[in-house]
Amino acid sequence: MIEVQHVTKRYGPVTAVNDVSFRVDSGQILGFLGPNGAGKTTTMRILTGCIPATEGTAIVAGYDVFEQPVEAKRRTGYLPETPPLYTDMTVREYLTFAARINGIGSGARRERVAGAMARTSVEDVADRHCGKLSKGYRQRVGLAQAILHNPDVLILDEPTAGLDPKQIIETRELIKDLAGDHTIILSTHILPEVAQTCQSVIIINKGQVVAVDTPANLTERLGGAETIRLEVDPLGADPEPALAAVPGVTGVTVAETANGSCVLDVQSERGTDVRRELARTVVSSGWGLLELSPLRVSLEDVFLQLTTSEEPKEEDADPEPAPEPADTTDTTEDPT
Amino acid sequence: MSNILAIAHKELRQYFVSPMAYALIGLFAIIYGWFFIVSLNFVVRVSMQAGMGMGGPPTVNINEYMMRPLLGNTAVVMLLVLPMLTSRSYAEEKRSGTIELLLSSPLTELQIILGKFLGALALFTAMLGVTLVHVAVLFIYGEPELGPILSGYLGLWLMGASFISVGLLISSASRNQMVAGVVTFGVLLMFWVVSWMGDPSSGSTTASVLAYLSILDHFEDFSKGVIDTKHLAYYISFITFGLFLTVKSVDSERWRG
Ligand SMILES: Nc1ncnc2c1ncn2[C@@H]1O[C@H](COP(=O)(O)OP(=O)(O)O)[C@@H](O)[C@H]1O
Ligand SMILES: [Mg+2]
């Protein structure tokens with residue numbers, strides 16, 4: 001439904017979007033995730049034909065947006081970052097104008113406008129001026145404008161930005177509801193939004209795509225269940241070599257040492273469960289096993305991991321030898 | 001065509017929901033009316049003197065002594081007023097982000113530009129139309145020639161349309177409507193006075209080129225009642241070229257984002 005190939009956009013020396021490619025299948029919701037300045041808006045403006053790309057091609061609803069822009073635009077609804085409202089028009093006038101320039105004939109116009117207003121719950125402000133609306137209503141009128149002509153593709157730039165929690169939930173529900181007969185791309189810099197609304201995610205940073213996957217896979221692929229957090233009391237010994245020797249373990253990092261106990265993150269090969277072996281090793285060495293749990297990496301961590309170029313690792317690699325032997329199964333602080 | 005009309009209709013509607021349109025029409029009508037009365041007084045005085053001297057009925061040519069200077073003054077008023085009419089056209093859409101609604105709709109750039117042009121032209125036509133009330137008075141109390149008045153109005157209308165095309169071009173390249181208005185005024189003024197730069201009597205090519213470029217010089221014949229295709233062609237190409245450059249400007253704005 002949407003096919004983007006090697007799209008690059010340069011503003012003079014600034015490369016806003018750099019060689020971005022992705023595709024979205026019919027009826028899907030794609031989340032476009034990235035920090036501010038990542039190039040989300042720029043990509044969306046290219047897809048909607050507002051600005052030309054410097055390089056690359058984009059096909060939307062079967063039409064090349066650069067070769068046949070009018071055909072592509074006919075099948076696309078766009079909600080820009082700032083809803084493009086004429087402040088001096090009433091909501092109804094505004095939507096009627098939007099319907100008209102989208103080629104909806106005068107016969108069907110009234111009905112379509114009423115339908116879009118009902119869908120986005122803006123009927124109660126139908127005769128109010130767009131300039132006098134609250135942020136939530138502006139956003140929804142913008143959305144009504146985008147769905148008026150029943151487009152195949154909906155492109156929504158931060159549709160929930162600036163809304164209150166109740167409005168956010170309503171908007172998300174509306175978007176999910178729309179996904180049935182529209183293919184949707186929505187951008188956001190809020191992570192839970194993607195996990196809750198989208199079937200697939202593209203993480204973009206500094207104009208480049210850093211990951212494309214489902215929210216679940218993404219969490220899994222980049223760590224997820226494959227990292228195990230272990231807290232042991234090694235009785236002064238260094239637990240690292242013994243743990244690293246466990247079959248299936250690919251790496252051990254010391255995350256924290258305090259009060260004689262030592263917290264380690266153990267990476268293992270994908271698909272191997274090393275938890276039993278780890279426990280056995282710890283116990284047979286005579287150390288205290290304080291905690292053993294799979295580390296759930298949140299989408300947030302993935303995001304940070306992918307969008308931060310260098311991860312600052314200032315943790316000391318050597319675990320301090322514990323001066324006091326303590327064999328408790330408690331993880332509370334030791335009152336020494 | 002329906003797309004162009006949709007834009008034109010929207011533009012007109014926006015002119016009329018703000019006090020802008022009424023202010024411009026009112027301002028134009030008042031200034032025109034003032035010029036009208038001043039020149040009428042002048043004509044009446046002259047004709048009374050002429051009547052006293054010759055002892056016969058007043059024989060002063062209203063077309064020659066009243067309408068021609070009046071239309072010339074009207075052109076000056078247009079120079080001041082029309083930049084205000086076109087300045088917001090693009091600049092405001094860019095500032096508020098509504099340009100994205102137009103750019104992402106299935107419209108071509110040319111349709112958007114022609115729509116905006118027609119909207120402004122319609123308002124200008126209304127401004128000019130209001131002044132016809134004064135002219136009607138002349139026909140009630142005197143017998144001016146209709147021909148030169150009509151050709152004079154045609155000339156004004158074409159000149160106004162040219163001003164609008166320049167105004168659109170400058171508005172399309174600006175994000176601030178104040179700046180767009182002031183620059184438009186400056187550019188129009190330049191086209192206006194350009195013929196003064198060369199001495200037309202010298203007969204040099206530069207002087208004649210400059211004279212040809214002058215918006216004002218082409219108006220002269222219209223106000224005398226002569227519709228010359230040369231001048232028609234000048235205004236029509238001026239407008240076409242202005243709109244063409246606006247398309248180019250909007251396009252390059254899109255490239256710059
Ligand atoms: N018109 C423009 N001219 C120059 N640089 C721009 C323009 N628009 C965006 N940029 C730059 O492109 C980058 C991406 O911006 P944008 O697409 O708006 O990011 P996002 O929507 O992800 O926050 C930013 O660094 C921004 O400064
Ligand atoms: Mg953005």
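A polar contact is a pair of N or O atoms within 3.5 Å; within protein, one atom must be able to donate a hydrogen and the other to accept it, and residues adjacent in sequence count only if both atoms are side-chain atoms. By this criterion, the side chain of B:Lys94 makes a polar contact with the side chain of B:Glu253, at 2.8 Å.

## Basis of the model

The model is predicted: local features need pLDDT of at least 70 and side-chain atom pairs count only at pLDDT 80 or more, whereas totals for chains, interfaces and linings use all residues. Side-chain values use heavy atoms, with hydrogens and water left out, residues are numbered from 1 along each chain as its sequence is written, and chains are lettered from A and ligands numbered from 1 in the order in which they are written.

B:Lys94 lies in helix 4 (residues 88-96) of chain B; helices (H or I, at least four residues) and strands (E, at least two) are DSSP runs, numbered from the N terminus. B:Lys94 counts as buried because its relative accessibility is 13%. Buried means under 20% relative accessible area, exposed over 50%, and partly exposed in between, with a 1.4 Å probe and protein chains only.

Not counting residues up to four places away in sequence, B:Lys94 touches B:Ile99, B:Ser171, B:Ser172, B:Ala173, B:Ser174, B:Arg175 and B:Glu253. Contact here means heavy atoms within 4.5 Å.

## Overall composition of the chains

Chain A contains eleven helices and 14 strands, while chain B has eleven helices and zero strands. Of the 336 residues of chain A, 49% count as buried; for the 257 residues of chain B, the figure is 50%. Among contacts between residues at least 6 apart in sequence, those joining residues at least 24 apart make up 69% in chain A and 78% in chain B.

Chain A exposes about 15600 Å², of which carbon and sulfur atoms supply 47%. The accessible surface of chain B comes to about 11800 Å², with 71% belonging to carbon and sulfur atoms. Accessible areas come from the Shrake-Rupley method with a 1.4 Å probe; for residues, only the protein chains shown count as cover. The C-alpha atoms of chain B fill a box of roughly 75 × 45 × 30 Å, taken along the principal axes.

## The site of ligand 1

Twelve residues surround ligand 1, and the closest are A:Gly37, A:Gly39, A:Lys40, A:Thr41 and A:Thr42. A residue is counted as near a molecule or strand if one of its heavy atoms lies within 4 Å of it. The site is shared between chains, because residues from chains A and B surround ligand 1. Helix 1 (residues 40-47) of chain A gives the largest share of the shell, three residues.

By class, the shell has four nonpolar, six polar and two charged residues. In this scheme Ala, Val, Leu, Ile, Met, Phe, Trp, Tyr, Cys and Pro count as nonpolar, Asp, Glu, Lys and Arg as charged, and the others, Gly among them, as polar. An oxygen atom of ligand 1 is 3.1 Å from a polar backbone atom of A:Ala38; the corresponding distance is 2.9 Å for A:Gly39 and 2.8 Å for A:Lys40. The protein covers 66% of the 560 Å² of accessible area that ligand 1 has on its own.

Strand 6 pairs with strand 7 (residues 153-157) of chain A in the parallel sense, over four bridges; two strands pair if DSSP finds at least two bridges between them. The bridge partner of A:Thr76 in strand 7 is A:Val153.

## Selected residues of chain A

Phi of A:His6 is near 50°, a positive value in a residue other than glycine. A:His6 lies in strand 1 (residues 2-11) and is partly exposed, with a relative accessible area of 48%. A positive phi is also found at A:Ala61, near 55°. A:Ala61 is placed in the loop between strand 4 (55-60) and strand 5 (63-64), and counts as buried at 13% relative accessibility.

A:Ala211 belongs to strand 10 (residues 208-213) and is buried, with a relative accessible area of 3%. A:Ala211 and A:Leu33 are 178 residues apart in sequence and 9.8 Å apart in space, C-alpha to C-alpha.
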